[in-house]
Amino acid sequence: MKHLVINSFGLFLGLKSQRIVIYQNKEIIKEIALKSLKTISINSNGITISSDLIFACSVRGIKIFYQNFNTFSATHTLYEHKGVNVLKQQFSSKDNAKGLMLAKELIIGKIKNQRSTILYFSRNKNNEQKNTALIAMQKAIDTLKSSKIIDTNDIFSIEANAAHRYFEFLKFNSLLPSSFEHRTKRASSEISNQALNYGYAILLNIIYKSIINAGLNPYFGVLHTMRSAKPSLALDIMEEYRSFIVDRNIIKIRSSLKGELNAELKKSNSFKYIKFIK
């Protein structure tokens, strides 16, 4: 299955037989079989899509998202008829132990990925600060696995301590610039925090769409508080991927701009699964 991303002004998307046809200046630039598509993301103004194609996608369960990365919000078309049991299981997780168990696993995954990022960028270093951070993270993981954790406040407390250790390591090992003092989530004027916040916004957008694809409700979470217009489940799930997808790429981009990126680090590319058509 492919995820089609359209991000160029002036394109027209039409339907021909069972294929999506993409036109630019009345010339066909791409044809894709509908059976190979899972989602279509419209990421630019000025893109036209035919009603025939919208209906064909709706019948096949191909979701169409209209969005930008200034906000997580996205709209989609869907001939919905399958998701009742999935939603029933999701909503019941709040009343049984599955919700708390999932919340713990998400933060365990996050801390493991933070630990992997530290090891990834410090493979040739062996200092006291690195060892202290790794020991603290392992302790946090062990605590989360124990029966001592009884609510999400305990989970957030452990997560905050691990995150503090993690960013302190990045800061003092110059993986982030000297202007970085601490994580600032909103309205930051510091360039590293701005880059991280932008990356997290893109990640949130991708996860939001993935949750909808899975037939789940993105606003019914297990960890973050739930309130109107807050995509709690998307925020829950993205915790595990922040370090692995966003932080690593921010550090690599900065190192690349400074000419410090070595050949080994250049090999990986976390966004290669996204197919762009311009």
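**Close-up views of a predicted model**

**View 1. Contacts of Glu239 in the predicted model.** Beyond the residues up to four places away in sequence, Glu239 touches Ile107, Lys110, Glu159 and His224. Glu239 sits in a loop, between α7 (232–238) and α8 (242–257). Its relative accessible area is 5%, so Glu239 counts as buried, the cut-off being under 20%.

**View 2. Glu159 on helix α5.** Helix α5 spans residues 152–172 and carries Glu159. Glu159 is in contact with Ile107, Lys110 and Glu239, once neighbours within four places in sequence are set aside.

**View 3. The annotated positions Glu159, His224 and Glu239.** An unreviewed UniProt entry labels these three residues "binding site". They are spread over 81 residues of sequence, yet they cluster in space. The largest C-alpha distance among them is 12.4 Å.

**View 4. Tyr208 in helix α6, with Ser232.** Tyr208 is found in α6, which covers residues 191–213. Is Tyr208 buried or exposed? Tyr208 is buried, because its relative accessible area is 6% and the limit is under 20%. Tyr208 and Ser232 are separated by 24 residues in sequence.

Conventions. Residues are numbered from 1 along each chain as its sequence is written. This is a predicted model: local features need pLDDT of at least 70, side-chain atom pairs count only at pLDDT 80 or more; totals for chains, interfaces and linings use all residues. Side-chain values use heavy atoms; hydrogens and water are left out. Helices (H or I, at least four residues) and strands (E, at least two) are DSSP runs, numbered from the N terminus. Buried means under 20% relative accessible area, exposed over 50%, partly exposed in between (1.4 Å probe, protein chains only). UniProt positions are given in the numbering used here, feature names are shortened, and annotations may be inferred rather than shown by experiment. Contact means heavy atoms within 4.5 Å.
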